[in-house]
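Thanks for coming. I will talk through one structure, and I will define terms as they come up. Please have a look at it first.

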Amino acid sequence: MSAPPARLELALAPTPILKLDRLSRRLGVEVHVKRDDLTGLLESGNKVRKLEFLVGEALQQGADTLITCGPPDSNGCRAVAAVAARLGLHAVLAIRGERPAVYDGNLLLARLLGADTRYHPELGPELGPELAVARGGRPYVIPESGAGELGALGYIECAVELSEQIHHGAPRFDTIVITSGSGGSHAGLLMGKQLAGLPGEIVSVPVTAPAERVREAIVRTVGAAIQRFGFAIEVPKAIHLLDGYQGAGPAAATDEELGAIVTLAREEGLLLDPIYTAKGFRGLVETLARDPKALGQRVCFIHTGGLFGLFPLRDRLSRLQGEVQPKASRADT
């Protein structure tokens, strides 16, 4: 058992909570969004909260090189590249796939930030420090998407932050919803609920892995955190997921999901990303459309960023412009 590493303050926090007025009226439920897409610009999204602890440990260990892996559209790889550049560290990214003919989206930004990108079509989620040792660095390996008990501390801090916002006048939510990839953010919120007294149920929408695998990862992460850090909490017996919204990569974004991105942008001035948050938000909206009472009267969706993932889909989004008609504003009537 050991104390968590010192938190390295990287995120712009606390992030604001905004009510989506027109969507709330349409659904008959108060829908709010916690804007974790505003944790930074190049660092934006949920990954930078995890990196506050992961990179904190890396610096404690004297690392000068951060290495991680992911697909070409990885928000986590882009965030690692941004943090490394900000701190004067090297970044080595193992990209799952072939080298593209043209860089775009997150991968373009990672390259602009100076990351060393290496392409491995058959790459699995595990990688070793040999990727960095080859260039003479002192490497620190960051799990894909910051998964694991150390990265989950970032969303314990988010739960503490949200609890404090509620204490100071923010709405008391019946349910807090987040998109789930590795399950680490969900695990952190569940731990924070117990440690900080955060009210409301924690629900996530798995968008990459099967629901049962996400449940197992959440249980494993909470258990590992209890063992490693000595938290006086219990592993939750029930883990609530909204299932059926999985897909992998930009190609898995349906026209329906892209249309929903355009509709929400015009309705509320809020952009989602096509790979993660659009699927998660779709799960929330469809659940409330079927049963407005399913998640209580007041719901908060944590927007985990990913805006740069829109640009590789510019052709499909451009074609949708003529199909999704703008809503009439008061000025038009």
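I will go through the nonpolar cores, then the aromatic rings, and then one threonine.

First, the ground rules. This is a predicted model, where local features need pLDDT of at least 70 and side-chain atom pairs count only at pLDDT 80 or more, while totals for chains, interfaces and linings use all residues. Residues are numbered from 1 along each chain as its sequence is written, and side-chain values use heavy atoms, with hydrogens and water left out.

Now the cores. A nonpolar core is a set of buried Ala, Val, Leu, Ile, Met, Phe, Trp, Tyr and Cys residues joined through side-chain atoms within 4.5 Å. Buried means under 20% relative accessible area, exposed means over 50%, and partly exposed is in between, with a 1.4 Å probe and protein chains only. The largest core here has 59 residues, and Leu-51 and Leu-66 have the most contacts inside it. Which helix gives the most to this core? Helix H6, residues 149-167, does, with nine residues. Helices (H or I, at least four residues) and strands (E, at least two) are DSSP runs, numbered from the N terminus.

Another core lies apart from the largest one; it has 31 residues, including Val-177 and Leu-264.

Back to Leu-66. Contact means heavy atoms within 4.5 Å. Leaving aside neighbours within four places in sequence, Leu-66 is in contact with Val-55, Tyr-140 and Ile-142, among others.

Next, the rings. Rings of Phe, Tyr and Trp (its six-membered ring) pair if their centres lie within 6.5 Å; planes under 30 degrees apart are stacked, over 60 edge-to-face, and the rest tilted. That rule gives two aromatic pairs. Phe-229 and Phe-231 make a tilted pair, 5.7 Å centre to centre with 45 degrees between the planes. Both of these residues, Phe-229 and Phe-231, are buried. Phe-281 and Phe-301 are edge-to-face, at 5.1 Å and 80 degrees. Phe-281 is in helix H10 (residues 277-290) and Phe-301 in strand E10 (residues 298-303), so this pair ties together parts 20 residues apart in sequence. Phe-281 counts as buried because its relative accessibility is 6%, and Phe-301 does at 0%.

A charge sits over a ring if NZ of Lys or CZ of Arg is within 6 Å of the ring centre and within 35 degrees of the ring normal. The charged end of Arg-49 is over the ring of Tyr-155, 5.7 Å from its centre.

Last, Thr-221, in helix H8 (residues 211-229). Is Thr-221 buried or exposed? Thr-221 is buried, because its relative accessible area is 9%. Not counting residues up to four places away in sequence, Thr-221 touches Gly-148, Glu-149, Ala-152 and Ala-187.
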